[in-house]
Amino acid sequence: MWKIPLFDIGFNEKEAVAVQKVLSSGWLTMGDQTEMFERKFADFIDVKHAIAVSNCTAALHLANLSLNLGENDEVICPSLSFVAGSNSIIYTGAKPVFADITDLNDFNISPEDIERKIGARTKAIQVVHYAGNPCNMDHIMEIANKHGVYVIEDCAHAPGSKYNGQYCGTIGDIGCFSFFSNKNMATAEGGMITTNNDDLAKRIKLMRSHGMTSMTLDRHKGHAFSYDVVELGYNYRMDEIRSSIGIVQLGKLKDGNIRRCEIDQIYRERFVDIYGIKVPFDTKYGVSSHHIFPILLDNDVNRQEFMEYLKDNGIQTSIHYPPIHLFDYYRRNLGYDEGMLSITEEVAKREVTLPLYQSMADKDVHRVSDVIVEYLKETK
Ligand SMILES: Cc1ncc(COP(=O)(O)O)c(C=O)c1O
């Protein structure tokens, strides 16, 4: 339907071969492939533990549970994000407290607003590295340490992003990654939890599979006959098929991110001094994985018409994000309303996300840029 889609998966015969091997092996559930995927992911981002799970929402839920979050606890998180982050807090009985973003150039959670919202009930801060741009982690870790609260990094956008030379997902207490189809590395559905904390890793591994002390594979290999259940757990397991895809995708991540960076640069060069739009994150902390390419329309550009015009030209766009605090459920249950997070709301009204994926050709990046420049000239 689209001449230029918003994203495209970077699959070729390598993923097909990996999947075929698993299908022929006779073992489909969490096993050797999953172990290898975890080990390779941990080595790649230089972290002690990587625990594969069924998706990033499950990763966030387990991360919150491992910190013993519950009723009367609060977690500070951004509203300009995907709803999975704050939902995962509510699953535990705790309450998400939304902090605003930094400014119209930096869409990441504002450390200053975190400081304003932190209180006796705050148990954790959940940050999102928006579009793969690392948050100001020095400032956030300083606040967390001062108040004795945990930090969870939602790295759904940020596999391969680095802050001060350190990979995102290894700076706070726990990192959570997504391998959903539109992500920098995809396994269809899938996620990974990372931590350097042995105790947290142990609990997370238990809760990933019903709190059971032995797995089906252990019993298959003759290592165990029975099991005990020592935690209230879930079925958040990864399977061998998706792990085998993950191993291939991880091998492509570095080059994919380099290509994404090139595309980002072409867009930025094309949009220098163009009336009607600004490109955020022109200064940033560290290295981005360039998950998406957000732009900010000027106040007098009609976003609906802008997106319709691109659609008429076969170009898919999106919005990242409708703010969570203004969703009906959040208004009704948590009492949020318009005007409570002014910068988030401003960006949410004016942001548009342009196509970006590693196999995108230069000519398509220029085509998107040409159509935008043409539209803005006509409507000036
Ligand atoms: C910032 C963010 N957090 C969490 C998620 C949830 O990831 P998953 O779909 O793997 O559960 C997403 C997915 O789009 C996301 O963008």
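Helices (DSSP runs of H or I with at least four residues) and strands (DSSP runs of E with at least two) are numbered here from the N terminus, and the expected span of a helix is taken as 1.5 Å times one less than its number of residues. The structure is a predicted model, in which local features need pLDDT of at least 70 and side-chain atom pairs count only at pLDDT 80 or more, whereas totals for chains, interfaces and linings use all residues. Residues are numbered from 1 along each chain as its sequence is written.

Helix 9 covers residues 240-270, and because its 31 residues at 1.5 Å each should span 45 Å, the 43 Å between its end C-alpha atoms agrees with expectation.

The ligand is surrounded by 14 residues, of which the closest are N55, C56, T57, A156 and S178; a residue is counted as near a molecule or strand if its C-beta atom, placed from the backbone, lies within 6 Å of it. At least two residues of this shell are supplied by each of helix 3 (56-66) and helix 4 (84-90). By class, the shell is made up of 6 nonpolar, 7 polar and 1 charged residues, with Ala, Val, Leu, Ile, Met, Phe, Trp, Tyr, Cys and Pro counted as nonpolar, Asp, Glu, Lys and Arg as charged, and the others, Gly among them, as polar.

One of the closest residues to the ligand, N55, is placed in the loop between strand 1 (49-53) and helix 3. N55 counts as buried because 22 other C-beta atoms lie within 10 Å, the rule being that a residue is buried with 20 or more other C-beta atoms within 10 Å of its own, exposed with 12 or fewer, and partly exposed in between, with C-beta atoms placed from the backbone. Although N55 and S243 are 188 residues apart in sequence, their C-alpha atoms are 12 Å apart in space.

In soluble globular proteins, nonpolar side chains tend to be buried together. In this model the largest nonpolar core has 103 residues, and those with the most contacts inside it are V53, A59, L62, C176 and I193. Helix 3 gives the largest share of this core, 7 residues, and at least three residues are drawn from each of domain 1 (13-250) and domain 2 (253-379). Such a core is a set of buried Ala, Val, Leu, Ile, Met, Phe, Trp, Tyr and Cys residues joined through C-beta atoms within 7 Å, while the domain bounds come from an automatic or database domain assignment.

Helix 10 (residues 303-312) contains K311, and Y309 is also placed in helix 10. K311 is partly exposed because it has 13 other C-beta atoms within 10 Å, and Y309 is likewise partly exposed, with 19 C-beta neighbours inside 10 Å.

Several backbone features lie in loops. D273, in the loop between helix 9 and strand 10 (277-278), has a positive phi near 55 degrees although it is not glycine, and D273 is exposed, with 4 other C-beta atoms within 10 Å. H290, in the loop between strand 10 and strand 11 (293-297), also has a positive phi, near 50 degrees, but H290 counts as buried because it has 27 C-beta neighbours inside 10 Å. The peptide bond from H320 to Y321 is cis, with omega near 15 degrees, and Y321 belongs to the loop between helix 10 and helix 11 (328-334).
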